[in-house]
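Subject: Structure for your review

Dear colleague,

Please find below the sequence and the structure that I am handing over to you.

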Amino acid sequence: MQVVFEKQLELIRTLSPKEHRLGNTLTDDLPVDVNTHAGQRRIRECISRLNEELHEFHTAPPHHQCEEFIDGLHFLVDLCIRVGITHDQVRASEWLGEWGS
């Protein structure tokens with residue numbers, strides 16, 4: 001789980017300058033300040049992308065579902081990082097059981 005979070009954080013930091021150049025950056029704060037308009041918009045954007053991938057998973061043929069699930073996981077981890085949830089917190093969550101190790 002730690003590696004997944006580290007790679008996602010690396011991706012966020014890699015894409016941030018590109019988002020700036022395209023004018024797509026809402027906020028670079030990590031974690032975002034959910035008390036600001038930009039922070040709230042960034043979180044809604046993450047949730048929207050996650051929702052889109054869950055829908056694609058649900059409607060995909062069986063041979064494409066794994067890909068859509070992985071895409072959804074990518075956006076879920078992105079959301080966790082942006083709201084300040086760490087891999088240690090996810091790992092400590094009882095509902096994960098052995099999977100979080």
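This is a predicted model: local features need pLDDT of at least 70, side-chain atom pairs count only at pLDDT 80 or more; totals for chains, interfaces and linings use all residues.

Helix α2 spans residues 37–59 and helix α3 spans residues 62–83; their axes come within 8 Å and cross at roughly 165 degrees. Angles over 145 degrees count as roughly antiparallel, and α2 and α3 are therefore roughly antiparallel to each other. Their crossing is left-handed. On the α2 side, the contact is made by R42, I43, C46, I47, R49, L50, E53, E56 and F57. The α3 side contributes Q65, E68, F69, D71, G72, F75, L76, D78, L79, R82 and V83. By type, the residues of this contact comprise 10 nonpolar, eight charged and two polar.

The largest nonpolar core consists of six residues: F5, I12, V77, C80, I81 and V90. Two elements, α1 (2–22) and α3, each give two or more residues to this core, and α3 gives the most, with three.

Finally, Q8 lies in helix α1. The cut-off for a buried residue is under 20% relative accessible area, so Q8, at 7% relative accessibility, counts as buried. Not counting residues up to four places away in sequence, Q8 touches H74, V77, D78 and I81.

With kind regards

Terms used
Residues are numbered from 1 along each chain as its sequence is written. Side-chain values use heavy atoms; hydrogens and water are left out. Axes are lines fitted to C-alpha atoms, for helices over the stretch in contact, and angles run from 0 to 180 degrees between N-to-C directions. Helices (H or I, at least four residues) and strands (E, at least two) are DSSP runs, numbered from the N terminus. Angles under 35 degrees count as roughly parallel, over 145 as roughly antiparallel, 65 to 115 as roughly perpendicular and the rest as oblique. A crossing is left-handed if the near helix is turned anticlockwise from the far one by less than a right angle, and right-handed if clockwise. Contact means heavy atoms within 4.5 Å. Ala, Val, Leu, Ile, Met, Phe, Trp, Tyr, Cys and Pro count as nonpolar, Asp, Glu, Lys and Arg as charged, and the others, Gly among them, as polar. A nonpolar core is a set of buried Ala, Val, Leu, Ile, Met, Phe, Trp, Tyr and Cys residues joined through side-chain atoms within 4.5 Å. Buried means under 20% relative accessible area, exposed over 50%, partly exposed in between (1.4 Å probe, protein chains only).
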